[in-house]
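This report looks at a few side chains and how they sit in the fold. Please have the sequence and the model at hand while reading.

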Amino acid sequence: MRALLPLLRTGWGWRWRAGFLVAPRFAGGVSAGAGPWRAMALYRTEERGQPHSPGYRLFFKNEAGHYISPFHDIPLKVDPMENLFNMVVEIPRWTNAKMEIATQEPLNPIKPDVKDGKPRYVVNVFPHKGYIWNYGALPQTWEDPHRKDENTECCGDDDPIDVCEIGSKVLSRGEVIRVKILGVLALIDQGETDWKLIAINVTDPEASKFHDIDDVKKYKPGYLEATLNWFRLYKVPEGKPENQFAFNGEFKSKAFALEVIKSTHECWKALLMKKCDGGAINCTNVQVCDSPFHCTQEEARSLVELGRCGELNEIIQVSSSPNKESNEEEQVWHFLGK
């Protein structure tokens, strides 16, 4: 990646095209971000700290082994002329640990959602076990908490836009996959807009069947209803009220979802260019060289190794197997009457 820095600074590296930041093309016309069938993984992960502990962090590296931010340095789109998007997997299906991109930390590793000093776990509301999709976020998007959405009349939740991936494979935390967007649900969480995209991994055996939200109804009957109920009820066992939705809980189309993504990407660009109030969001990045928050590879490494996260326990290499949970709550079922 060091060899690419001069290219980045002279406009031959990652650049804006059709309104999106896209990867460079190398010899032979191959894009660093092109094609779901590419054999070599473009991103790797590195664990620091003990799993299931508040200090656990999952850092991201690029193909060259340099630290990057999954929030800011992974391109939103695989190709600006196609509607294929990169998704960062935060939570594998059927698991309970609440994990998230650490938006307020340098390089934004994945971390546990912590309350009262302890990692949080989503409860099991019968008949569901943990998260019922592979759950994650689109990079280079941001739901601006100061901007009122014209559709929901609520401001954003200050996070990247969430994705529910409905493919057949249970993915691993930290995977970066390419997805087709199928639709979107507008959750209203404590007065904030919290969009939930519905998507499918392009490498899924059935991906070719899915083009819009109606295909989910056709080929996976009951899945959207289960998704709506999951988001409505998952906080109830904690003593909180049912969540509410815009559009009376209607799932909106792919075309609508793409406009939502475009809007959140524009908000992210304003954030990275310091054209809006980002609050506590950490915008440190390695790839967006015209951003005032850009840093070098050496600085990024120092942030990990010498910064706060450098005080955590030794590196543990990530396995490709599904994550194991270590919380008693994941074994408990909650039955909610109507």
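Is aspartate 159 buried, partly exposed or exposed? With a relative accessible area of 27%, aspartate 159 is partly exposed, because buried would require under 20% and exposed over 50%. The model discussed here is a predicted one.

**Around aspartate 159**

Aspartate 159 belongs to the loop that runs between β12 (134-137) and β13 (162-165). Leaving aside residues up to four places away in sequence, aspartate 159 is in contact with Thr103, Thr141, Trp142 and Glu143. Phenylalanine 71 is 88 residues from aspartate 159 along the chain, and the C-alpha atoms of these two residues are 9.6 Å apart.

**Cysteines**

How many disulfides are there? The count is 0 disulfides. The sulfur of cysteine 154 has its closest cysteine sulfur in cysteine 155, at 7.6 Å, which is too far for a bond, because a disulfide needs the two sulfur atoms within 2.5 Å. Cysteine 155 is likewise in no disulfide, the nearest cysteine sulfur being that of cysteine 154. Cysteine 154 counts as buried, at 15% relative accessibility, while cysteine 155 is partly exposed, with a relative accessible area of 24%.

**Salt bridges**

The structure contains 15 salt bridges.

| Arginine 48 | Glutamate 46 | 3.2 Å |

In the pair of glutamate 46 and arginine 48, both residues are buried.

Where do lysine 269 and glutamate 266 lie? Both are in helix α4 (residues 254-272), 3 residues apart, which is about one turn of the helix. Lysine 269 is buried, with a relative accessible area of 17%. Glutamate 266 counts as partly exposed, at 38% relative accessibility.

Conventions: Residues are numbered from 1 along each chain as its sequence is written. This is a predicted model: local features need pLDDT of at least 70, side-chain atom pairs count only at pLDDT 80 or more; totals for chains, interfaces and linings use all residues. Side-chain values use heavy atoms; hydrogens and water are left out. Buried means under 20% relative accessible area, exposed over 50%, partly exposed in between (1.4 Å probe, protein chains only). A salt bridge is a side-chain nitrogen of Lys or Arg within 4 Å of a carboxyl oxygen of Asp or Glu. Helices (H or I, at least four residues) and strands (E, at least two) are DSSP runs, numbered from the N terminus. Contact means heavy atoms within 4.5 Å.
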